[in-house]
Amino acid sequence: MSQSANRFVDVEDRARERIDSNVPQPSQDQPNFSDGSEPLFNMYVERAEKEDKELADRWQKDADGILIFTGLFSAAVAVFAAVSIQDLRPNPQDTSAFYLGNIYQLLADPNISRASILATPAQPPPFSPPTYAIWVNSLWFLSLAISLTSALLATLLQQWARRYIAVTHLPRYNPHKRARVRAFFVNGLERLHLPRAVETLPTLLHLSLFLFFSGLLIFLFNINHTAFSLVAWWIGLSGGVYGCITLMPIFCHDSPYYAPLSSTAWFLYNGISYGVLRILKPLLLYFKSSSPIHHHFWRLYITYRHRALWGIVKTAQETAWKSSGKIDGNILKWIFDSLDEDRELETFCEGIPGFCNSKVVNEPREVFAKLETTSLHAVFRGFLGRTCSSSLLSEGDKERRIGLCMQAVDALDLQFPCLRVFSTYLDEQDMDEAFRFVQMGHSLRSRCRNSDHDTSFPAQSMVAGIVASVPERDDRWKALVKAHLGISDDVLKDYLAHGDSVLLANLIYFIRQLFRYCDKNLGGYIPFPDRIVKMISKFEIRNTLPGLKHDFCALWNDITREAHENQSFIISDRILRPIRHHYITLHQGTTSSPTAFDADTVDYDVLRQPSSYPLCHVPGHHSHGPTGHPTVTSPSSHHLDPILSGSSRTASDVFSLTPDHSPIHLGEHSSLRDDHSPPASVGNDYFATTSPDLATTIATEAHTDTPTFSPIANPESDS
C-alpha cells in the first residue's frame, strides 16, 4: 500500500515539473516589457506599491497603539470587576451571620417563649443583589468585553495588512498581472469598507472607556460621596474637553485635534444645517436678489452643501487653498526661521526672484511682509559677511552668492534700509571684499535710476565703490563703468590710457551725487559716505587727465563756497575732509594751498570747520570765460549743478543728471581735445591745458555712433 502511494506521489511531482517548465517565467531582476502596455502598468504598480506600503504601515501603527492601550486598560478593568462581582452572588458569611444571630438571641434571653422562637425565621431570606451592583458589573464587564474585542480586531488588522501586501505585491509576475491583482483587491477593500472598519477600532476603545467611567461613578456613589464628588468632577472636566476635541474640526478647519466621532458630528451638523436651509429655500422669493439677506442665505446654502459632500479633510484643503496669501506667509516664515546653514540661505535667496514672479502666489511681496524687516536684513547681513570673509569659498562662489543676494533684494524691492547692510554691519575688510565683484554692481544699476534719492544714492555709492575696488578690469567691469559714468568706449579707452583717470572721474561723479544728497538731507541720515569716499579715493591724482583735474578743482570750489555760505559742517565733514588729500596734492606750492591743515592733520575740530578749506584761485586750474577770469560757479537750488551759460560752462557741468538720474558724460575726452595739446604731466605745468568748450563737446558727441546723454540746459542760463 505504501509503495503504491509513493509511486503516485512521484508521478504527480513529475507532472507538475513538466507543467511548470512549459510556463515562461519572467526575470525577477527587471520586468519583461514584451507588450506595449506594460510601461503604463509598471508605472501604476510603482505608485501603487508606494501607496500601499504607506497605508499598511499606518494600519500597523494604529493596531500597535490599540493593543498597548487595550492591554493596560483591560488589566485595570479586570481588577475592578473582580471586586465588584462579589456583590452579584450570595456571601456565605452572610448565612453564617444569620444563624449566629438567632443563636445569640436564644442564649441572651433564657426566658423567651416558645411562640417567639417559632416566629423567628429558620432560613435566611433569599439573596437579591443590589441594583447599583447590577449596573456596575454590567457596565464594567461590557467595557472589558469591548476592550478585548478591540484587541482582537487590532490583531486581525495586522494580519489583514500583511496579507494585503503579500497578495498584491508579486515581484515574480509581469507588471500587467501585478496591476490587475492589486486593482482587484483594492476594489474589494473599498467595497467592503475596510478603511471604515479600521477607523471603528478607536471608537470601540473610547466606548469601553466611557462605560468604565459610568460604572465607576455608580460604584463610588454607593460607597462614599466624597470620593464620588472628586472623581465625578474630573470625569466631567475630561468629558467636556473630549467634547470640544470632537466638535473642534467643525468650527476650526485647521485644528489638529480629532476624535473618532468627529466625522459623525461633522456630517450631522452640516447635513442638518443644509437640510434646514433647503427647506427654507422657498422663502427667498420674498427677498430681492440684490438684498444682503439673499446673498447671505445663498452663501450659507452653498457652504453647508459643500461641507456635507466634501468631509473634514477636503474642506480643510479648500480653506487652505483659498487663504493662500496668509498660508504662504506662514510657509516663508517657517522656512526663514529654520535656515541654519549658508547653503540653505543660498537656496533661499536663489528662490526669492522666482517666488516674486510666481503666478500661483497672490501679492508675493506682501507675503514677504510676514517676515520682519530687521530679521531679513540680519540674514542678508550675516550671509554677505560670512561670504566675504570666508577663506574656503572660491572667487566664483563668492561672486555667485553676492549676486544671488542682490537679486533677492531687487526682487523684494527692498529700499534704502537693506543697502545699509553693507555699511552698518560689514566691517571695512568684508566691505572691500564684497565690492570686488562686478555682478553686484550690475544688480544695483536698476536702483541707480530710481526717482527716490533714498534708493538711488546708496546704490550709486555702492556702484562707485565697486568700480574702484574690482581688481580685474575685464569687459564686465568696463560695461559697468560705461553705464555708471555714462561714457562711450572711446572715452573709457582714453581714461584707461592716462593713469587713474577712471578713478578720478568716478570720484568726481560720486562727490557730485553726495553733494546733491547732502543738500537734500541736511540734518538727516547720509548712508556710508565715509567708507565709500575712502574706498574710491585710493589712487594717484597726479597721473590723471588735465581736464578731470580741472573738473575736480571746479567741483571743489562749488562745494567749498556752499559750505562757507551756509556754514555747513555736514558738507565740510562728509565731502571736503575725505578728499582733502587730493586737493593738497594738486595745490602744493601754490597760494591756494590750505593753511589750517595739512595731509597729516588729525584734529577733527579743525577738519570739520568750513572755514578751514580754501578756494582754488590758481588761474590755470579752471576753464576761462569770455573775460579771461576763472569761472567759479555755485550749485543751483534745483539740481545742485553749476549755473553756466555759453562758453563759460566748465567741464564740471557735464555731471548734471537728467530727470531720470542718468549720468552725463564727463567733461574732457582725449578724442575731443585739440590734437596738438600736450599730454598730461606731473607738476603744476599740466594746468596749462584747459577743457574744450562744452558746446563743442556736445556737438562732436552728436555725430558719434555711441548713444550719449545731453546735459540739462539751465533755464536761467538760457534766458
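Colleagues, a word on conventions. The model is predicted, and local features need pLDDT of at least 70, side-chain atom pairs count only at pLDDT 80 or more, and totals for chains, interfaces and linings use all residues. Residues are numbered from 1 along each chain as its sequence is written, and side-chain values use heavy atoms, with hydrogens and water left out.

I begin with the chain as a whole. It has 29 helices and zero strands; these elements are DSSP runs numbered from the N terminus, with helices being H or I of at least four residues and strands being E of at least two. Of its 719 residues, 41% count as buried. Buried means under 20% relative accessible area, exposed means over 50%, and partly exposed lies in between, with a 1.4 Å probe and protein chains only. The chain exposes about 39500 Å², of which carbon and sulfur atoms supply 58%; accessible areas come from the Shrake-Rupley method with a 1.4 Å probe, and for residues only the protein chains shown count as cover. Among contacts in the chain with a separation of 6 or more, 71% join residues 24 or more positions apart, contact meaning heavy atoms within 4.5 Å.

I turn next to the nonpolar cores. A nonpolar core is a set of buried Ala, Val, Leu, Ile, Met, Phe, Trp, Tyr and Cys residues joined through side-chain atoms within 4.5 Å. Which residues of the largest core touch the most other members? In this core of 88 residues, they are Ile352, Phe368, Phe380, Phe510, Ile511 and Phe552. Helix 23, residues 501-520, contributes the largest share of this core, 13 residues. Leaving aside neighbours within four places in sequence, Ile352 is in contact with Phe368, Phe380, Ala408, Ala411 and Leu412. There is also a second, separate core of 15 residues, including Ala56, Ala154, Tyr164 and Leu189.

Leu189 leads us to helix 6, where it is one of the buried residues. This helix, 175-191, has 17 residues and reaches 24 Å from its first C-alpha to its last, close to the 24 Å expected at 1.5 Å a residue. The expected span is 1.5 Å times one less than the number of residues. Besides Leu189, the buried residues of helix 6 are Pro175, His176, Arg178, Ala179, Arg182, Val186 and Gly188. The buried residues of this helix pack against helix 2 (38-84), helix 5 (131-168) and helix 7.

Thr544 lies between helix 24 (529-536) and helix 25 (546-566). Is Thr544 buried or exposed? Thr544 counts as buried because its relative accessibility is 0%. A polar atom of its side chain lies 2.7 Å from the backbone oxygen of Ile541. Leu261, in the loop between helix 8 (225-251) and helix 9 (262-280), is partly exposed, with a relative accessible area of 40%. Not counting residues up to four places away in sequence, Leu261 touches Thr203 and Thr246. Leu261 and Thr203 are 58 residues apart in sequence, yet their C-alpha atoms are 7.3 Å apart in space.

Finally, the aromatic residues. A search of the whole structure finds 22 aromatic pairs. The rings of Phe212 and Phe213 have centres 6.1 Å apart and planes at 50°, so this pair is tilted. Rings of Phe, Tyr and Trp (its six-membered ring) pair if their centres lie within 6.5 Å; planes under 30 degrees apart count as stacked, over 60 as edge-to-face and the rest as tilted. Phe212 counts as buried at 8% relative accessibility, whereas Phe213 counts as partly exposed at 28%. Trp233 and Trp234 also form a tilted pair, at 6.3 Å centre to centre with 40° between the planes. Trp233 counts as exposed at 60%, and Trp234 counts as exposed at 51%. One aromatic cluster is formed by Phe69, Phe73, Phe80, Trp140, Phe212, Phe213 and Phe219.

Technical notes: A polar contact is a pair of N or O atoms within 3.5 Å; within protein, one must be able to donate a hydrogen and the other to accept it, and residues adjacent in sequence count only if both atoms are side-chain atoms.
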